[in-house]
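Please open the model in your viewer and keep the selection panel at hand.

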Amino acid sequence: MTELLLRHRATLFRLIGIGLIVGAVGPRYRIAALASGGLSLGSLVVLANTISTSNDALNRVARVDIGLLSALVAVALTSTRKQQVPEAAE
């Protein structure tokens, strides 16, 4: 059962990773890609904190997801800041 859940999570990460790559290349899809990535990472962190039977492996994955979520937020802020700053006229 655990292996099935891990494979499912890996498949989800592949799909979201493809979306993030598409969002990096095409600004049109960027907000949707960042939102889906944040939702995916944030949901595990929230769910891991709501269950009473936690273990070291789950806590480690939750910590990694918090780090990845922080990086995703930094990318989102950088991306939106670049879109808001007008380029200087030559």
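Is the crossing of H1 and H2 left-handed or right-handed? In this predicted model, the crossing of these two helices, H1 and H2, is left-handed.

To look at that crossing, select residues 2–25 for helix H1 and residues 30–50 for helix H2, which pack with their axes 8 Å apart and at an angle of about 150°. Because angles over 145 degrees count as roughly antiparallel, H1 is roughly antiparallel to H2.

Now turn to the largest pocket, in which about 540 Å³ of space lies. Select Leu5, Leu6, Arg9, Leu44 and Leu58, which are the closest to its centre of the 16 residues that line the largest pocket. The elements that give two or more residues to this lining are H1, H2 and helix H3 (56–84), and H1 gives the most, with seven residues. Colouring the lining of the largest pocket by class separates 11 nonpolar residues from four polar and one charged.

Key. Residues numbered from 1 in each chain as written. Predicted model: local features only at pLDDT ≥ 70, side-chain atom pairs only at ≥ 80, totals over all residues. Heavy atoms only, no water. Axes fitted to C-alpha atoms, helices over the stretch in contact; angles between N-to-C directions. Helix = DSSP H or I, 4+ residues; strand = E, 2+ residues; numbered from the N terminus. Parallel < 35°, antiparallel > 145°, perpendicular 65-115°, else oblique. Left-handed = near helix turned anticlockwise from the far one by under 90°. 1 Å grid on protein atoms, 1.4 Å probe; cavity = no way out; pocket = protein on both sides within 12 Å on 5 of 7 lines; lining within 4 Å. Points joined across faces, edges and corners; volume = space filled by probe spheres on them. Nonpolar A, V, L, I, M, F, W, Y, C, P; charged D, E, K, R; others polar.
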